[in-house]
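Below is a short report on one chain. Please look over the sequence and the model first, then read on.

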Amino acid sequence: FAGAVYHVMARGNERREIFRDDQDRRRFLETLADMVERFGVRLHAYCLMPNHYHLVLGTPRANLSQAIGWLQVTYTVRFNRRHRRSGHLFQGRFKAQLVEVDDYAQWLVEYIHLNPVRPRRKAERIAAERAAELDRYEWSSHRDYAGLRNKSTQWLCLDWRRYWGAD
């Protein structure tokens, strides 16, 4: 619905990789940027993992299904052409959970950003050496939130930095 914020996730078909290399990741981010502009959604956070992705999206125009449908179809076509394959890339329909912005948003952004370094058992603490890797991980919005990226992308909405006292 209009004005909603969603945590969106999609996994590769049969849990297979949806990003084989950095070129695939860059292509996905380019497609994501096109989606933000085309559908007027607000991207608050993202993280790309080898076989799935996480997005936090605001929908001023109540068009989540259109936007994510376009993103997944467009990326799949581009991925299939590049890798000379055909068929589904994603496992079923994407998942989307409604987000209570003030109560849940800060925790959600941290959860998404920690994905690349989190142990398999999510209740375990993150080892210090793994935590240091987070600042070097290129494929999430963490570096933008932390001010570590030389030039943040224009299509990423950083309004939520206020949860950590940043303006």
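Is Asn 51 buried or exposed?

## Asn 51

This is a predicted model. In it, Asn 51 is buried, because its relative accessible area is 17% and the cut-off for buried is under 20%. Asn 51 sits in the loop between strand 2 and strand 3, the latter covering residues 52–59.

Beyond four places in sequence, the contacts of Asn 51 are Ala 10, Arg 11, Gly 12, Arg 15, Arg 16, Glu 17 and Ile 18. The side chain of Asn 51 also has a polar partner: the side chain of His 52, at 2.8 Å.

## Arg 42

Arg 42 belongs to strand 2, which covers residues 42–49. Its relative accessibility is 36%. Arg 42 therefore counts as partly exposed, since that class lies between the 20% limit for buried and the 50% limit for exposed.

Which residues does Arg 42 touch, leaving aside neighbours within four places in sequence? They are Val 56, Leu 57, Gly 58, Pro 60, Cys 157 and Asp 159. With Asp 159 there is a polar contact, side chain to side chain, at 2.7 Å. Gly 69 is 27 residues from Arg 42 in sequence. In space, the C-alpha atoms of Arg 42 and Gly 69 are 16 Å apart.

## Chain architecture

The chain holds 5 helices and 4 strands. Read from the N terminus, their order is β-α-β-β-α-β-α-α-α.

The C-alpha trace spans about 45 × 40 × 30 Å along its principal axes. Take the contacts in the chain with a separation of 6 or more: 67% of them join residues 24 or more positions apart.

## Burial, surface and charge

Of the 167 residues, 48% count as buried. Asn 51 is buried, whereas Arg 42 is partly exposed. The accessible surface of the chain is about 9600 Å². Carbon and sulfur atoms supply 45% of that surface.

How many positive and negative side chains does the chain have? There are 29 positive and 20 negative. The centres of the two sets are 7 Å apart.

Key: Residues numbered from 1 in each chain as written. Predicted model: local features only at pLDDT ≥ 70, side-chain atom pairs only at ≥ 80, totals over all residues. Heavy atoms only, no water. Helix = DSSP H or I, 4+ residues; strand = E, 2+ residues; numbered from the N terminus. Buried < 20%, exposed > 50% of the residue type's maximum accessible area, 1.4 Å probe, protein only. Contact = heavy atoms within 4.5 Å. Polar contact = N/O pair within 3.5 Å; in protein donor to acceptor, adjacent residues only side chain to side chain. Areas by Shrake-Rupley, 256 points an atom, 1.4 Å probe, with all protein chains shown as cover. Lys, Arg positive; Asp, Glu negative; His and termini not counted. Charge placed at Lys NZ, Arg CZ, Asp CG, Glu CD.
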